[in-house]
Amino acid sequence: MDVNLTRLSDAALVSLVSDGEYSAFTELVTRHGGAMKRYAKYFTSSDADADEAVQEALITAWQSVDDLNNPKALRSWLMKITARKSLDLVRSRKAHSPIEDVDVATRRPGPQARADMVETVQQLKETVNRLPQNQREVWVLREIGAHTYQEIAEILQVSTASVRGRLERARVTIAKELEGWR
């Protein structure tokens with residue numbers, strides 16, 4: 001192919017991928033693979049497991065690209081697949097997936113403020129990691145992944161009412177546990 005793929009939009013690349021153009025898929029992987037891995041690591045908590053989940057997600061994306069109704073929603077679609085594959089991997093290993101380290105703000109607070117932030121983030125991670133798996137999954141998908149209730153329901157294959165209930169229970173637990181840290 002003579003076209004410079006780096007200049008094409010995701011939607012144009014999806015069209016090429018639908019026509020079997022492997023190099024277009026490679027460009028999409030280059031664009032979105034890093035974000036997919038970071039997202040997978042929230043669920044799996046290890047680089048190796050995140051790599052495996054992303055690999056599985058990319059295989060699924062390649063095989064089902066024709067099912068993508070809105071090529072402009074490619075990133076969201078890839079992240080949904082990544083979340084689903086990550087959760088499948090975690091469940092298959094019956095692992096308890098801790099939240100990945102959260103980057104603190106880029107501003108330069110004083111030493112005490114930095115220490116307080118690190119301690120608060122650590123407490124949040126520990127609290128979220130103690131949540132029941134079904135609540136933790138919903139919380140991470142919503143608060144870290146910024147998915148809608150409907151998207152979470154589709155990823156987890158549950159009703160939106162279940163998503164709302166699990167998320168509410170998770171938020172109440174987190175609020176109670178972090179009450180002393182405010």
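## Overall fold

The protein chain has eight helices and zero strands. Both are DSSP runs numbered from the N terminus: H or I of at least four residues for helices, E of at least two for strands. In sequence order the pattern reads α-α-α-α-α-α-α-α. This is a predicted model: local features need pLDDT of at least 70, side-chain atom pairs count only at pLDDT 80 or more, and totals for chains, interfaces and linings use all residues. Residues are numbered from 1 along each chain as its sequence is written, and side-chain values use heavy atoms, with hydrogens and water left out.

Of the 182 residues, 37% count as buried. Buried means under 20% relative accessible area, exposed over 50%, and partly exposed in between (1.4 Å probe, protein chains only). The chain exposes about 10,500 Å², with carbon and sulfur atoms supplying 48% of it. Areas come from the Shrake-Rupley method with a 1.4 Å probe; for residues, only the protein chains shown count as cover. Among contacts (heavy atoms within 4.5 Å) with a separation of 6 or more, 63% join residues 24 or more positions apart.

## Helix H4

Helix H4 covers residues 74–93. Its 20 residues reach 29 Å from first C-alpha to last, close to the 28 Å expected. The expected span is 1.5 Å times one less than the number of residues.

The buried residues of H4 include Leu74, Trp77, Leu78, Lys80 and Ile81. The buried residues of H4 pack against helix H1 (10–18), H2, H3, helix H6 (133–144) and helix H7 (149–156).

## Salt bridges

There are ten salt bridges. Each puts a side-chain nitrogen of Lys or Arg within 4 Å of a carboxyl oxygen of Asp or Glu. Lys80 takes part in a bridge with Glu151, the closest N and O atoms being 3.7 Å apart. Glu151 lies in H7 and Lys80 in H4, so this pair ties together parts 71 residues apart in sequence. Glu151 is buried at 17% relative accessible area, and Lys80 is buried at 17%. Lys80 also bridges to Glu154, at 4.0 Å between the closest N and O atoms. That pair again links H4 and H7, across 74 residues. Glu154 is partly exposed, at 41%. Leaving out residues up to four places away in sequence, Lys80 touches His147, Glu151, Glu154 and Ile155.

Glu27 is buried at 13%, while Arg31 is partly exposed at 27%. Lys37, Lys41, Asp47 and Asp51 are linked in a salt-bridge network.

## Aromatic pairs

Three aromatic pairs are counted. Rings of Phe, Tyr and Trp (its six-membered ring) pair if their centres lie within 6.5 Å; planes under 30 degrees apart count as stacked, over 60 as edge-to-face and the rest as tilted. Phe25 and Trp62 have ring centres 5.1 Å apart and planes at 70 degrees, so they are edge-to-face. Phe25 sits in H2 (residues 22–44) and Trp62 in H3 (residues 47–64), 37 residues apart. Phe25 is buried at 11%; Trp62 is partly exposed at 32%. Ring pairs link Tyr22, Phe25 and Trp62 into a cluster.

Tyr39 and Phe43 are edge-to-face too, with centres 5.4 Å apart and planes at 80 degrees. Both lie in H2, four residues apart, and both are buried.
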